[in-house]
Amino acid sequence: MKKLLLGDEAIALGAIYAGLSGVYAYPGTPSTEITEFIQKDPLARERGIRSRWCTNEKTAMEAALGMSYAGKRALVCMKHVGMNVCADAFVNSAITGVNGGLVVLAADDPSMHSSQNEQDSRFYGKFAMIPIFEPSTQQEAYEMMGEAFDLSEKMGVPVLFRVVTRLAHSRAAVEIGEPQEQNGFNPATGKGWVLLPGIARKQYISLIEKQPAMAAAAEESAHNALKGGAAPLGVIACGIAYNYVCEAGAQNVLKVSQYPLPEKKIKELAARSQSILVVEDGQPVVEQDIKAILGAGYKVEGRLTGNLPRTGELNPDNVAAALGAATGQGFPPAKNLAARPPQLCPGCGHRDVYTALNKVAAEYPGARVFGDIGCYTLGALPPFQTLSSCVDMGASITMAKGAADAGLFPAIAIIGDSTFTHSGMTGLLDAVNDHSNITVIISDNLTTAMTGGQDSAGTSKFEAICRGLGVEPEHLHVVNPIAPNMAAITELIRKEIEYNGVSVIIPRRECMQTLRRHSKK
Amino acid sequence: MKTDIILCGVGGQGILSIATVIGEAATAAGLQLKQAEVHGMSQRGGDVQSDLRLSTEEIHSDLIPRGHADLIISMEPMEALRYIPFLGPDGAIVTSSKPFVNIPNYPAEDAVMAELEALPHVLKYDIESLAREAGNPKGANMVLLGMAARYMGVFKPEQLRAAIGSIFAAKGDAIVEANCKCFDLGYELEQ
């Protein structure tokens, strides 16, 4: 049976059909649709596959490791920067090893369509010394998910599954197989999971000893295949890059979709070529590594040598140019054209919050508003231009705190509800303990809006969380940011800025997008 | 045979429903298909675009190379202009003629129209008014699909019509009929 699926959906279905028992994830473009698919899939529901959103990527990674400990197959999904959040658990899961199959999916975003950086998750796979799968097509993504679970159980380590935006969010027909049974309940035994130094040293040696088997698996993998025949230029095409290389008609290609790198096949390609062009989306991971395999004397080109752009995603045009193939011309760019950046929806509560904040901030020449990650980051753009920073999940509160420690006044943080529970709570505790002079706005729209309106972990719990962290009740306010209340809210912000300590104001109004969806039902 | 289509517009205008209908028609016709979409931040009132590739042969790249598109289908005239570097020399543009102005620096409407008209194959109509007159204000994208049908070498119009039937079937016969009416209206417009 064939189904038209997004890359993300092919991954989800591949995992369900591989006997998945739980998916653990925090929403993040371009990975969100994987978990959403599993939440709605009839077989996943029938099997009771665990699929609620997690508070952040670290809790997701740890819970998935726990499910693996109990013998079942678990999947963790995140966007690339989520790997930074879960890195502690991720790296150590390679040291403990796994029991049930564990696949960690990282969706990278070269060109930063919806991200703060274009870090390449393959570095994390190398760092943790585990196998990495990187499919080229939706069909391969579906098939490789089952293979990833099998390999994870065979090697006793997690497998990193890396995709990029253009695979995650591209649709194609996928041939679907038959679902396999889920693993039974079979908790691990032994002390290998207790990473005290004495045990961790042994576990680490065991991970090192597994490396040749991982290398052999990649060497034998059908996904790492030499195509065509000898030619002066050899091409190594990783993951989605293979599609662009084929589009340009290259004839002497090693397709790489499973790591560690297949050294024998790389040497074989080198022997039948005079130089090698490495085509990989993201950062020049393979381009750097194959120098160690082929030696300094062999000519290797790619992003580092300028044959391909150093930054930004691959596309059929820059790959064709690097291969010396013909590229199309098209019409010259239009003259009557203006950029159309995204903006906050009409009627969005964040708009009212920014209007009030701007009014008060204008009264203080030293005022800075530290922003965070979500729809409200658009408050950095016209017409509001309120924000001085946006760095990573939760950084608004902690940066405001650090700036206040250095004497900045007033230091204001604005953070969304979902981002607050993801990574803002611990920073608020620091600020409370230090009695920092900051004003925190938790702009609560009752959802994780930016990624399409997923449930937010803290909904209905924010007052209790803030009180529990030690915010003084008289400096904790919940308000409704609608027009008739805005004068009072503006005055409240003014008053709390003047309070020398931690204040939290929670403007709460439902997201316009989820409101529209709810009112349709 | 292949048809490479760039679908574009402003976030929220419904370009992905056009893509869904074409995808259904392609699947029913046994064609190969790849469709790259943009999700996430840009859907908030920003420019949105989708590359839709249809072919009787294997399709490699999810993205359309520069100068290879056979057709630009746009819900907004300036957005159609944004992608002309991807349009092939004989490619066509099928677009709404009505600007969607949600930015302060939208270029002069006359200049946008003049630049569009200077291109070789352009079909533009006020699809929203046409849909409203047809009694289906939400059917503007189906009017546009009807206008585009003649430019999709891989399909006969009946195949697209049938796909509208299957995509909207769950919403009832009245919705299917209203959308088919909009499609027919667009198809019959003077080229």
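Predicted model: local features only at pLDDT ≥ 70, side-chain atom pairs only at ≥ 80, totals over all residues.

B:Asp4 counts as buried, because its relative accessibility is 2%, and the cut-off for buried is under 20%. Its side chain meets that of B:Lys2 in a salt bridge, at 3.1 Å from N to O. B:Lys2, at 34% relative accessibility, counts as partly exposed.

While we're on chain B, let me say a bit about its build. You've got seven helices and six strands in there. Reading from the N terminus, the order is β-α-β-β-β-α-β-α-β-α-α-α-α. How does the radius of gyration of chain B sit against that of a compact globule? Well, the chain has 191 residues, so a compact globule would come out near 16 Å, and chain B has 16 Å, which agrees. The C-alpha trace spans about 40 × 40 × 35 Å along its principal axes. Buried residues are 59% of the chain. If you take the contacts with a separation of 6 or more, 64% of them are between residues 24 or more positions apart.

Over all chains, the count is 35 salt bridges. One of them joins A:Arg494 and A:Glu363, at 2.7 Å from N to O. A:Arg494 is in helix H19 and A:Glu363 is in the loop between helix H15 and strand E14, so this pair ties together parts of chain A that are 131 residues apart in sequence. A:Arg494 is partly exposed at 24%, and A:Glu363 is partly exposed as well, at 40%.

Another one is A:Lys299 with A:Glu301, at 3.6 Å. Here A:Lys299 is partly exposed at 49%, while A:Glu301 counts as buried at 18%. There's also a network of salt bridges linking A:Asp108, A:Asp120, A:Arg122, A:Glu134, A:Arg162 and A:Glu280.

Last stop: A:Glu33, over in helix H2 of chain A. Beyond its neighbours within four places in sequence, A:Glu33 is in contact with A:Leu6, A:Asp8 and A:His169, plus B:His39 from chain B.

Methods
Residues numbered from 1 in each chain as written. Chains lettered and ligands numbered in written order. Heavy atoms only, no water. Helix = DSSP H or I, 4+ residues; strand = E, 2+ residues; numbered from the N terminus. Contact = heavy atoms within 4.5 Å. Rg over C-alpha atoms; globule rule 2.2 N^0.38 Å. Buried < 20%, exposed > 50% of the residue type's maximum accessible area, 1.4 Å probe, protein only. Salt bridge = Lys/Arg side-chain N within 4 Å of Asp/Glu carboxyl O.
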